[in-house]
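I opened the model to check helix lengths and packing first, and then to look up a handful of single residues. These are my notes, in the order of the looking up.

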Amino acid sequence: MDDSGLISDADERALLDSIDRWLTKKVAPVADRFEQADEYPTELVRDMCEMGLFGALIEPQWGGLGLSALTYSKIVARISEEWMSLTGFFNSHLMMALVVQKFGTGAQKDHWLPRFATGELRGGLALTEPDAGTDLQGIRTTARRDGDDYLITGAKLWITNAIEGDILAVLVKTDPGAQPRHRGMSMLIMPTRDADTGADAKGVTRGRKLPKLGYRGIDTGEIGFADAPCDARLGLVGGEEGKGFLMATGGLEIGRVNVAARGVGVARRALKEAVAYAQVRQTMGKPIAQHQAIQLKLGEMAAKTRAAELLVEDAARAYDRGGRVDMEAGMAKWFATETAFEVATESMRIHGANGYSKEYPIERLYRDAPLMMIGEGTNEMQRIIIARQLIARNPV
Ligand SMILES: Cc1cc2nc3c(=O)[nH]c(=O)nc-3n(C[C@H](O)[C@H](O)[C@H](O)COP(=O)(O)OP(=O)(O)OC[C@H]3O[C@@H](n4cnc5c(N)ncnc54)[C@H](O)[C@@H]3O)c2cc1C
């Protein structure tokens, strides 16, 4: 492995092959059942811990796999071909871990990262609130210093891994009156469970798991804080107030590459299902694949899916080279996730009534696709980010 986490082609192939075997043997037979019941797949989460996926992007010195974004995006795309929800468990967790890895103090890295890498402590990134999603600087959750602790008060909504997890990176306001608003924002690593009893930590109320259109099985929920004490030394990321907004938005770049890779996985599977179905289903005495109307759809679906793969690869390589990649990540995220939705929709139409049936996989792909256009920064915002970067990189 080199410094950027690139592993040899042979090692990457071996890793992807082992994931493929797991998908075939363990995931494919149960994914529909867990998804339709919206049930947390405990055993599959345990498998992913054992495979090291909760430490995929954590550096080896803290027990992680230290993979490049390129290899990581290939893993995410493959798992999403089978069941997209599974990638949410470890990706949301890694977003939290990367905040510590990129911005934490030495003591914070040594304390948290080995526990995050094994999945002993699992969690996510808690930014969104009932009244603030895109406008993150509008959050109302506060944290005030009280001796060695911060006391957190507020509510977070739509937080992945919030119910079944143990810990969250929580974006708070430590100086609610600051101008510009981001100067008053900080990031706290906050255990949400009592380590001994497993009950809610002091001052924390884990709310309900939200019912969702797709992306089911995984817990996306609400969580409340009422003067919840958070150890300042281990909790305040970087040991300095006022840097939380940068940490939240800096962490989102890899999140966007991840969501884009999910889009590739969903698009690829929807295309595969359409190509197979179109050769089997007959109308007017021939397979529908021989009707030009269907061929036009398949041609466009295949070209867009390939373009999405290439844009994700481009963004992942740019991330691995270092530096600012919000334009590349934004392009990949926007295009790949719009493609996932389009290809899933077209595949459903090619399936006719069977596309509307819960007994065919396309129905789930169709329900999973829209989330990716919303999460990790909506696709409206992606195009605005791309344009801003385009202008910044090309001044006249
Ligand atoms: C299943 C699921 C899982 C999630 N997991 C997490 C998680 O783990 N952690 C977390 O913190 N959040 C999570 N989220 C929240 C997600 O990040 C937000 O929903 C997203 O950022 C959008 O925020 P919002 O829902 O408040 O929409 P709003 O911000 O209210 O936006 C509504 C609409 O207005 C548009 N819009 C808003 N502002 C602008 C603007 N300035 N210019 C142009 N258009 C604009 C948006 O694009 C959108 O179309 C999750 C959401 C879902 C659905």
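I began with helix α4: at 1.5 Å a residue its 15 residues should span 21 Å, and the end C-alpha atoms are 20 Å apart, which agrees. The expected span here is 1.5 Å times one less than the number of residues in the helix. I note that the model is predicted, that local features need pLDDT of at least 70 and side-chain atom pairs count only at pLDDT 80 or more, while totals for chains, interfaces and linings use all residues. Residues are numbered from 1 along each chain as its sequence is written. Helices (H or I, at least four residues) and strands (E, at least two) are DSSP runs, numbered from the N terminus.

I found α4 mostly covered, with 14 of its 15 residues buried. For burial I used counts of other C-beta atoms, placed from the backbone, within 10 Å of a residue's own: 20 or more is buried, 12 or fewer is exposed, and in between is partly exposed.

I then looked at α1 (residues 9-27) against α4 (residues 69-83), and noted that they pack at an angle of about 15° with their axes 10 Å apart. That angle makes α1 roughly parallel to α4, where under 35 degrees counts as roughly parallel, over 145 as roughly antiparallel, 65 to 115 as roughly perpendicular and the rest as oblique. The axes are lines fitted to C-alpha atoms, for helices over the stretch in contact, and the angles run from 0 to 180 degrees between N-to-C directions. The contact involves Glu12, Leu16, Ile19, Asp20, Leu23 and Val27 on α1, and Thr71, Lys74, Ile75, Arg78, Ile79, Glu82 and Trp83 on α4; two residues are in contact if their C-beta atoms, placed from the backbone, lie within 7 Å. By class I noted 7 nonpolar, 1 polar and 5 charged residues in the contact of α1 with α4, with Ala, Val, Leu, Ile, Met, Phe, Trp, Tyr, Cys and Pro taken as nonpolar, Asp, Glu, Lys and Arg as charged, and the others, Gly among them, as polar.

Next came α5 (residues 85-103), which packs with α4 at an angle of about 140°, the axes being 7 Å apart. That makes α4 oblique to α5. I listed Val76, Ile79, Ser80 and Trp83 from α4 and Ser85, Leu86, Thr87 and Asn91 from α5 as the residues making the contact, which by class are 4 nonpolar, 4 polar and no charged.

The remaining packing I looked up was α4 with α9, at an angle of about 145° and with axes 8 Å apart. Here Ala69, Leu70 and Ser73 of α4 meet Val312, Glu313, Ala316, Arg317, Tyr319 and Asp320 of α9, and the contact has 5 nonpolar, 1 polar and 3 charged residues.

**α9 and what follows**

I repeated the length check on α9 (residues 292-321): its 30 residues should span 44 Å at 1.5 Å a residue, and its end C-alpha atoms are 44 Å apart, which agrees. Just after α9, I noted that glycine 322 has a positive phi of about 95°.

**Backbone entries**

I found a cis peptide bond between glutamine 179 and proline 180, with omega about -10°, and placed proline 180 in the loop between β4 (167-173) and β5 (185-191).

Tryptophan 158, in strand β3 (residues 149-160), has a phi near 65°, which is positive although the residue is not glycine. I counted tryptophan 158 as partly exposed, since 18 other C-beta atoms lie within 10 Å.

Tyrosine 215 is likewise a residue other than glycine with a positive phi, near 50°, and lies in the loop between β6 (204-209) and β7 (220-231). With 22 C-beta neighbours inside 10 Å, tyrosine 215 counts as buried.

**Single-residue surroundings**

Is proline 211 buried or exposed? I found 8 C-beta neighbours inside 10 Å, so proline 211 counts as exposed; its place is in the loop between β6 and β7.

Alanine 143, in strand β2 (residues 142-146), is buried, with 32 other C-beta atoms within 10 Å. Leaving out residues up to four places away in sequence, I noted that alanine 143 touches Tyr150, Leu151, Ile152, Val172, Thr174, Ser186, Leu188 and Cys230.
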